[in-house]
Amino acid sequence: MVSHLDGWLMIYWLTQTLSAHPDLARAVMPPGLLSVSEQRRCETFTVEKRRRDWLLGRWTAKHLAQAVLGSCAESDLNEIEIATNPNGAPYLADYRDWSLSISHSADRAFCALSDIGSIGVDIERIEARQVAFVEDFFTPAEQIRLTDLPERQRHVAITVIWSAKESGLKTLQCGLTVDSRTMDCRFTWTEDQWKPLEITVDTQRIAEAPNRLYGWWKADATFVYTLAATKQAHPVEVTIPPIMNDGQN
Ligand SMILES: CC(C)(COP(=O)(O)OP(=O)(O)OC[C@H]1O[C@@H](n2cnc3c(N)ncnc32)[C@H](O)[C@@H]1OP(=O)(O)O)[C@@H](O)C(=O)NCCC(=O)NCCS
């Protein structure tokens, strides 16, 4: 189900866990999910965790695309082909005007889809990170903004900054092939579920990049979720009916 927000450009998102589908948890390709070429790609993943993550990402992204685009019946997700660029970025083969982004962490996938321009998403588990991590990967300005935060808030803030960088780098389709300090992330703490974040891009070091990306973040007890985009747009959650126990959905 998709709800719309009047007057906003929108980024549709969906999150799913591995436990929601009995086949995925066993790293088995669910019937009707993958096209023939996707089945071939899946067979190349010999490490079970990688195969599970990849399948969970495809299953989540295809349900998202089906709900937003309504291009096929719920039972025919294999008609939605998710192809991959040589740089690893996924895209919908039949909807090249739409930007798709996929992330997975600890048996959970987080995907987003939008037609506003390029987008990137990331999900990260909240955990304590070493001081050296912050010194190596964060800009001096980000490091200053972290000072004096209470311990739990500091763990969340570090996770948000790291996740926002990954979302930003996915938006520009470069991933971590470029220095994470080419992006400076600033964000607010509010009571809202999704809180705005802004990413300033070092355009001297990333050719043809916009100097600014727009984003959002939210956290629960375990994870931080971030979205980044080349245009300002609002996150809209997509919900799908729970899966039947026999895997037919
Ligand atoms: C992109 C990257 C930052 C993801 O980091 P991560 O935290 O390990 O993993 P996440 O679960 O958050 O994201 C993985 C997803 O990002 C997407 N992705 C991979 N490379 C991408 C890129 N260059 N641009 C945008 N999205 C990308 C894919 O959908 C991938 O999942 P999938 O392979 O199951 O489809 C990381 O893979 C990276 O830096 N890659 C560098 C580029 C690279 O090595 N490409 C591989 C060439 S084949």
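Helices (H or I, at least four residues) and strands (E, at least two) are DSSP runs, numbered from the N terminus. The structure is a predicted model, in which local features need pLDDT of at least 70 and side-chain atom pairs count only at pLDDT 80 or more, while totals for chains, interfaces and linings use all residues. Residues are numbered from 1 along each chain as its sequence is written.

A volume is the space filled by probe spheres set on the points, which are joined across faces, edges and corners. The lining (residues with an atom within 4 Å of a point) comprises 32 residues, and Gly88, Ala89, Pro90, Ile102 and Lys170 lie nearest the centre of the largest pocket. At least two lining residues each come from α3 (48-69), β3 (90-92), β4 (99-105), β6 (119-125) and α6 (151-171), with β4 supplying the largest share, six residues. Because domain 1 (10-116) and domain 2 (125-220) both contribute to this lining, the largest pocket lies between them; the domain bounds come from an automatic or database domain assignment.

The second largest pocket has a volume of about 160 Å³. Its lining residues include Arg186, Phe187, Pro196, Glu198, Arg212, Trp216 and Gln232. Two or more lining residues are given by each of β7 (183-187), β8 (195-201) and β9 (212-219); β9 gives the most, with four residues.

Note on methods:
Heavy atoms only, no water. 1 Å grid on protein atoms, 1.4 Å probe; cavity = no way out; pocket = protein on both sides within 12 Å on 5 of 7 lines; lining within 4 Å.
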